[in-house]
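Trainee: Please pick one part of this model and look at it closely. Take me through it step by step, with the cut-offs as you go.

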Amino acid sequence: MTAVKRVVCLLDDEFEDLELWYPVYRAREEGAEVLYAGPEKGRKHIGKYGVPAVADLSYDELDADRFDGLLVPGGWAPDKIRRDAHVLEFVRRMNDAGKPIGQICHAGWVLISAKILEGRTVTSTPGIRDDMENAGATWIDEAVVVDGNLVSARRPPDLPPYAKAFCDLLFGR
């Protein structure tokens, strides 16, 4: 029997509701345990459309050795998430370990601030294309781009192939 895959999803206020819930539920359907991390353990965060999510742990409790994958939803939350030093170190450690990192829409801001995009091929919302390219990435306009351990997508209509690609990578398919 294989061990349960553990995934952490980063939270802050004004996350894009669908970009958080869809991949989380998809990973859970596959058998992964998914926890939420936010600035403060137990704090409720409200998505752009009013759906709440509660942090299971705080950013300073993040430990790359405890997780097999990372999901970063879009919305306006990534601009807040990217300012936390614990998050940036966690993202770098997850990347250095080659663990799956899923990012959609504006979530690319977190990867930019973690400085892990140099030489990578990604996508995002077209609104941050310049940011992604200025961070050293090659940006392409496709629903989903997989480059090694990075899985990126543009926006909510891309959620089905994005969530599938992330789960395929997480479960080694």
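Mentor: A disulfide is a pair of cysteine sulfur atoms within 2.5 Å. The model is predicted: local features need pLDDT of at least 70, side-chain atom pairs count only at pLDDT 80 or more, and totals for chains, interfaces and linings use all residues. Residues are numbered from 1 along each chain as its sequence is written, and side-chain values use heavy atoms, with hydrogens and water left out.

Start with the sulfurs. The whole structure holds zero disulfides. Cysteine 9 is in none; its nearest cysteine sulfur belongs to cysteine 167, 12 Å away. Seen from the other end, the closest cysteine sulfur to that of cysteine 167 is in cysteine 9, and 12 Å is too far for a bond. Both sites are buried (under 20% relative accessible area; exposed is over 50%, partly exposed in between; 1.4 Å probe, protein chains only). Cysteine 9 has 1% relative accessibility. Cysteine 167 has 0%.

Helices (H or I, at least four residues) and strands (E, at least two) are DSSP runs, numbered from the N terminus. Two strands pair if DSSP finds at least two bridges between them. Strand E1 (residues 6-10) pairs with E2 in the parallel sense, over five bridges. Tyrosine 36 in E2 is the bridge partner of cysteine 9. Strand E2 (residues 33-38) is largely enclosed by the rest of the structure, because five of its six residues are buried. E2 also pairs with strand E5 (residues 57-58), parallel, over two bridges. There, serine 58 is the bridge partner of glycine 38. E1, helix H1 (residues 17-29) and E2 form a right-handed β-α-β unit. Right-handed means that, with the strands pointing away from the viewer, the path from the first strand over the helix to the second runs clockwise.

Next, helix H6 (residues 159-170). Its twelve residues reach 16 Å from first C-alpha to last, close to the 16 Å expected at 1.5 Å a residue. That expected span is 1.5 Å times one less than the number of residues. The buried residues of H6 include Cys167, Phe166 and Asp168. The buried residues of H6 pack against E1 and H1, and also against strands E6 (69-72), E7 (101-104), E10 (144-147) and E11 (150-153). Contact here means heavy atoms within 4.5 Å. After H6 comes glycine 172, with a positive phi near 70°.
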